[in-house]
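We will go stop by stop, with a short note on what to look for at each one.

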Amino acid sequence: MIIQEVKPSKRVRDRWLLVLEDGSILRVGKNQIADFALYAGRELSEEETDRLLEAVENENFRSYALRVVTDTPKSRKMLLKLLGEKGCPPERAEQIANWLEEFGYLNDAWYAGEVVRTYARRGYGVKRIRDELYHRGVPRELWDEALSQLQEEESAGAIDAFLEKKLKGSREPKDLKRASDALARRGYRWPEISAALRRYGAEIEED
């Protein structure tokens, strides 16, 4: 395969366009330009062409993975799933994940803490937060350490704020029941809910 022309992309920085003898265009990065000594008139053997195509594909997967984790933090498991959906072979996806971990762009322990902090700020309880950690692919061995960041006082404050907003001063049994059910759906346990209702001034009957 002979390269007829090499020109920089007008749309993507550090991207080059190779115009091939059959009229097709191959988009490559500056690394491939240097690694494969690409220039107009260069004839690539079949083996070189295969290696170049593999390198370009790998570079595309790496760029996609980097964009994904910098746009919105992800767990390693989530990233591997997304790469698989893009057609990236599992072994190569693992290598890309390792590369991102090495440079600090992928960190399950940090991500676990971020999930806990985010959902705690939104007023969710431990059960719901555990569900989120599970659905987001965070390894179970990281859950307890991340959840230990939650302070009991902060959790109580979040419940109290929720009740004040939800009830708006009402102490009607039906309103208290709706608020209790809403807190349960947010992952709070009954002991936490009943304690908050007492702080609110509601009369709670224990079984």
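Predicted model: local features only at pLDDT ≥ 70, side-chain atom pairs only at ≥ 80, totals over all residues.

Residues are numbered from 1 along each chain as its sequence is written, and side-chain values use heavy atoms, with hydrogens and water left out.

**Stop 1: the core.** Select I159, L163, L167, L176, L183, Y188 and L197, the residues with the most contacts inside the largest nonpolar core, which has 15 residues. Such a core is a set of buried Ala, Val, Leu, Ile, Met, Phe, Trp, Tyr and Cys residues joined through side-chain atoms within 4.5 Å. Buried means under 20% relative accessible area, exposed over 50%, and partly exposed in between (1.4 Å probe, protein chains only). Now colour helix 8 (152-167), helix 9 (173-185) and helix 10 (190-200), the elements that each give two or more residues to this core. Helix 8 supplies the largest share, 5 residues. Helices here are DSSP runs (H or I, at least four residues), numbered from the N terminus.

**Stop 2: helix 9 and helix 10.** Keep this pair on screen: helix 9 and helix 10 pack at about 140 degrees, with axes 10 Å apart. The axes are lines fitted to C-alpha atoms over the stretch in contact, and angles run from 0 to 180 degrees between N-to-C directions. Helix 9 and helix 10 are therefore oblique to each other; angles under 35 degrees count as roughly parallel, over 145 as roughly antiparallel, 65 to 115 as roughly perpendicular and the rest as oblique. To see the contact (heavy atoms within 4.5 Å), show L176, S180, L183 and A184 of helix 9 with W190, I193, L197 and Y200 of helix 10.

**Stop 3: helix 3 and helix 4.** Move to residues 76-85 and 90-102, where helix 3 and helix 4 pack at about 140 degrees with their axes 10 Å apart. Which residues of helix 3 meet helix 4? They are R76, L79, L80 and L83, and their partners in helix 4 include A93, I96 and L100.

**Stop 4: two loop residues.** Most residues other than glycine have a negative phi. Select A37, in the loop between helix 1 (30-35) and helix 2 (46-71): its phi is positive, about 50 degrees, and A37 is partly exposed at 40% relative accessible area. Finish at K168, in the loop between helix 8 and helix 9, where phi is also positive, near 50 degrees. K168 is exposed, with a relative accessible area of 73%.
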